[in-house]
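Here is a briefing for a reader new to this structure. It starts with one residue and then moves on by topic.

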Amino acid sequence: MHVEGPLNERALSDAELIERGWAALPAEYRIPAVPPSLAEAQAWCKRLAESHYENFHVASWFLPKRLRAPFHSIYAYCRISDDLGDEVGDAEQSLALLNLWGRELDACYEGNARHPVFVALAETIRKCAIPKEPFADLLVAFRQDQTVTRYQTMDDVLAYCRYSANPVGRLVLYACGYRDEELFRLSDFTCSALQLANFWQDVREDFDRGRVYLPFADMQSCGVDEATIAAGKMTPEFRELMRLEVDYARRMFAEGLPLIGMVDRELAVDLDLFSRGGLAILSAIEQRGYDVLSGRPAISRPKKAMLLLRAVAGKLLPRWYASGTAL
């Protein structure tokens, strides 16, 4: 009589979880039987980047041609990693897929890429000499999302941002040839501020997903509990809480702004665009009287157009941008 050992049982269980997880996602996310060519992989990443995120498509217009393929591959990695965590609908399946994705990342650095994302990313890693850490750090955050849904203090939220947001800025700097720790530090402020702006914009949506990123200590000090969020009705206490959190995120943006003056103009245009976009989200929350419960604050079309025009001016009129008018 043959009895399967616990390791075999676990492997079978992981395989089932992975298969069910893939079934919940777009079919093209699966690992193909035959790895694509580099050209095919780069085209795959470009389609994903330009079809899934309008702002990325706009921002990539300002990039020099030599950086577009690297940025497409980095975006595709971030996008799929995020979807493995957020779009499956089952924490166990997400964890199994994220662990598989982590093994594929290891294989990429060992020269054995199979998925289009990793085939394209391997070339980006080679050309830009990007270490594994920022890619792996993102997976830490997406795994954490499966098991941690509440945060006691702002320090705890920022510790999450250290994995969920800051690696993205570091990847951008690596891809553009920067290695300076001071630039990384300033980038971390900007990326964490962007993450906070998104959290405050999506309080209700995240709550419906079972997550609360508002620090419990801040909620408690303002006299707010989760019942307020669940009810979806603004109270003076919740308005004060959101005012404090918006102000905190705005100060973080201010800490990171010097980065824009420390990089080349082409990257500075993108950094300015994204920083101003994050600040515009905070302003949109403010303009709604901090009501993020009855609807999702969004940047108006005229505001988006103005941000785009500023970026276009920075791209086409370098003297205007260098003069400091952009900030």
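Leu100 sits in helix H5 (residues 91-109); helices here are DSSP runs (H or I, at least four residues), numbered from the N terminus. With a relative accessibility of 11%, Leu100 counts as buried. Buried means under 20% relative accessible area, exposed means over 50%, and partly exposed lies in between (1.4 Å probe, protein chains only). The model is predicted: local features need pLDDT of at least 70, side-chain atom pairs count only at pLDDT 80 or more, and totals for chains, interfaces and linings use all residues. Residues are numbered from 1 along each chain as its sequence is written, and side-chain values use heavy atoms, with hydrogens and water left out.

- Leu100 and Ile18 are 82 residues apart in sequence, and their C-alpha atoms are 8.1 Å apart in space.
- Beyond its neighbours within four places in sequence, Leu100 is in contact with Ile18, Trp22 and Ile31; contact means heavy atoms within 4.5 Å.
- Glu50 belongs to helix H2 (residues 38-52). Its relative accessibility is 29%, and Glu50 therefore counts as partly exposed.
- Glu50 and Ala76 are 26 residues apart along the chain, with 9.9 Å between their C-alpha atoms.

**Nonpolar cores**

- A nonpolar core is a set of buried Ala, Val, Leu, Ile, Met, Phe, Trp, Tyr and Cys residues joined through side-chain atoms within 4.5 Å.
- The largest one has 54 residues, and Tyr77 and Val263 touch the most other members.
- Helix H4 (residues 65-86) gives the largest share of this core, eight residues.
- Which residues does Tyr77 contact, leaving aside its neighbours within four places in sequence? They are Trp101, Leu105, Val117, Phe118, Leu121, Phe135, Ala136, Leu138 and Leu139.
- Another core lies apart from the largest one and has 34 residues, including Ala197, Val203, Leu241 and Ala249.

- Two packed helices are described by the angle between their axes and the distance between the axes.
- Axes are lines fitted to C-alpha atoms, for helices over the stretch in contact, and angles run from 0 to 180 degrees between N-to-C directions.
- Angles under 35 degrees count as roughly parallel, over 145 as roughly antiparallel, 65 to 115 as roughly perpendicular, and the rest as oblique.
- A crossing is left-handed if the near helix is turned anticlockwise from the far one by less than a right angle, and right-handed if clockwise.
- Helix H10 (residues 181-201) and helix H14 (residues 236-256) cross at roughly 155°, and their axes come within 7 Å. H10 and H14 are therefore roughly antiparallel. Their crossing is left-handed.
- Residues making this contact include Leu186, Phe189 and Trp200 of H10 and Met242, Tyr248 and Phe253 of H14.
- H10 also meets helix H15 (residues 265-287): the axes come within 9 Å and cross at roughly 30°. H10 and H15 are therefore roughly parallel. This crossing, too, is left-handed.
- Among the residues that meet are Leu194 and Asn198 in H10 and Gly278 and Ile281 in H15.
- Helix H9 (residues 166-175) packs on H10 at about 135°, with axes 8 Å apart. H9 and H10 are therefore oblique to each other. The crossing of H9 and H10 is right-handed.
- The residues that meet include Arg170 and Tyr174 in H9 and Phe184 and Asp188 in H10.

**Thr190**

- Thr190 is in helix H10. Is Thr190 buried or exposed? Thr190 is buried, because its relative accessible area is 10%.
- Not counting residues up to four places away in sequence, Thr190 touches Phe253, Gly256 and Ser275.

**Backbone exceptions**

- Most residues other than glycine have a negative phi.
- Ala129 is not a glycine, yet has a positive phi of about 55°. Ala129 lies in the loop between helix H6 (116-128) and helix H7 (133-147).
- Tyr290 is not a glycine either, and has a positive phi of about 65°. Tyr290 lies in the loop between H15 and helix H16 (301-316). Tyr290 counts as buried, at 10% relative accessibility.

**Confidence**

- The protein averages a pLDDT of 87, and 84% of the residues score at least 70; pLDDT is the predictor's confidence in each residue, from 0 to 100.
- Over residues 54-58 pLDDT stays under 50, and the model has seven contacts beyond four places in sequence for them.
- Over residues 311-327 pLDDT also stays under 50, with 36 such contacts in the model.

Definitions and conventions. Helix = DSSP H or I, 4+ residues; strand = E, 2+ residues; numbered from the N terminus.
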